[in-house]
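Hi,

Here is the structure I promised to pass on. Have a look when you get a moment; my notes follow below.

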Amino acid sequence: MEDPTAVVKAAPGALGALPESVVAALDSGAKAAFENAAAPGAIVGVRTPQGIWTAAYGLADPKTNAPMTTDMHTRIGSVTKTFTGTLLLQLAEEGKLGLDDPIGKYHPGIPNGDRITLRMLANMTSGVSSFYTEEFLKRYFGDPEDKFTTDELIAYGVSASPLFAPGEKFNYSNTNTILLGTVIEKVAGQPFQEVLRQRILEPLGMANTSWPGDSDAIPNPHPRGYTLQGLEPLKEPIDATNWTPTFAGAAGALISTVEDLLTYDRALGTGQGLLSQETQIERLQSFPAPAGYGLALGCIGGWVGHTGELPGFNTALYYDTTADTSVVVMVNSDISSGGCSESPTLSDNPGELPCAAPATRIFVGVSKALGHEFTPVPSQ
């Protein structure tokens, strides 16, 4: 990133509607991409210094033909990791923990726990395996409404750890962020959802972002979410709307709306309302390369943010550091499309296109219309 100082000092732009010419280009780009995304419906939001635009496409419920609308709540999956990372950085700013503290100081029983730092957990270089073990997947897909505890998730991850020596490699692991959630609770002396409410949701006015806890419900209005995930490859999508979110926790359980996420996206990119300029600059300089993963945040070509996926739902949230522009895409499917070698696809799949998750495909279309095309890491 060329000038993170300019990013953290960016002046807030207009909050009215975008000019009609810009809206027309964005709508065209989103519609064209949506046609090739394997999702019944999509919600798209853009915020630039000129204003804000949101739109909905397709269906919230294919069985009833109910349309998708921009006020709907969806599960945002791993976008939750950016919230957890922000809480970690806030506590570090206040001297309540250190990013280079070993995880063993807060949570015993982690292989190499005396050498794995909180920073390594945040940037996915810890060597702690994800809890997506064969045993976990059998239990989860065998009964998608079964509930998991944090200790159970960590135990699944520990059973397959270590993958490598601390700091040696990058490996994206949900167990890393689950562990950070336990650290945040211990240091703050409160449940994770309460720390989140006090430190991020209320200060930013995110009244429609919620923590589900043990509930499999989603606040109304919300769409139905569809997946092809299972123990065996499925031929037709199934409804995963109310599959348990308890396995996601601090790594992926949050529910939100496009309006809230546009507010959060800009705060995440600039740090404004969340972190000091010094801490935000450190975060924006934490990427190992122009395309890399830093402190619970990804960066590709000047776009910083995260994608998120839970069975039935997929989200892309990115902030363009070169243009002070936020883009959010939320869809009611986690089904990829294109020339995918591993991910299951629909029978009418456009195989000539690159493999992409639905929210990412639409985001790329919107980014083209904005004049700064996002080039995602190839999906499989």
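Start with T244, which sits in the loop that runs between strand 6 (238-239) and helix 9 (249-252). Keep in mind that this is a predicted model. T244 is buried, because its relative accessible area of 3% falls under the 20% cut-off. Setting aside neighbours within four places in sequence, the residues in contact with T244 are Y140, P144, E145, D146 and K147. There is also a polar contact of 2.7 Å between the side chains of T244 and T246. If you want a sense of scale, P378 is 134 residues from T244 in sequence, and their C-alpha atoms are 29 Å apart in space.

Next, the nonpolar cores. The largest one has 73 residues, and the members touching the most others are F83, L118, I200 and Y264. Helix 10 (residues 258-270) is the top contributor to this core, giving 6 residues. A separate core of 26 residues lies apart from it, with A39, A42, Y57 and V327 among its members.

I200 is worth a click. Leaving out neighbours within four places in sequence, I200 is in contact with F83, T86, L87, Q90, V195, M206, Y264 and L274.

The spacing makes sense: an α-helix has 3.6 residues a turn, so residues three or four places apart point the same way.

Now over to strand 1 (residues 41-48). Here 8 of the 8 residues are buried, so strand 1 is largely enclosed by the rest of the structure. Both of its faces are covered: one side has G41, I43, G45 and R47, the other has A42, V44, V46 and T48, and all of these are buried. A42 turns up again as one of the members of the 26-residue core.

Which strands does strand 1 pair with? One partner is strand 2 (residues 51-61), antiparallel over 8 bridges; the two make a hairpin with 2 residues between them. Within that pairing, V44 has A55 of strand 2 as its bridge partner. Strand 12 (residues 325-331) is also antiparallel to strand 1, joined by 6 bridges, and there R47 is partnered with S326.

Last, the cysteines. The structure holds 1 disulfide, formed by C340 and C355 with their sulfur atoms 2.1 Å apart. The link is right-handed, with 95 degrees about the S-S bond of C340 and C355. Both cysteines lie in the loop between strand 12 and helix 12 (358-370), so the pair ties together parts that are 15 residues apart in sequence. Buried or exposed? C340 and C355 are both buried. C299 counts as buried too, because its relative accessibility is 6%.

Cheers

Technical notes: Residues are numbered from 1 along each chain as its sequence is written. This is a predicted model: local features need pLDDT of at least 70, side-chain atom pairs count only at pLDDT 80 or more; totals for chains, interfaces and linings use all residues. Side-chain values use heavy atoms; hydrogens and water are left out. Helices (H or I, at least four residues) and strands (E, at least two) are DSSP runs, numbered from the N terminus. Buried means under 20% relative accessible area, exposed over 50%, partly exposed in between (1.4 Å probe, protein chains only). Contact means heavy atoms within 4.5 Å. A polar contact is a pair of N or O atoms within 3.5 Å; within protein, one must be able to donate a hydrogen and the other to accept it, and residues adjacent in sequence count only if both atoms are side-chain atoms. A nonpolar core is a set of buried Ala, Val, Leu, Ile, Met, Phe, Trp, Tyr and Cys residues joined through side-chain atoms within 4.5 Å. Two strands pair if DSSP finds at least two bridges between them. A disulfide is a pair of cysteine sulfur atoms within 2.5 Å.
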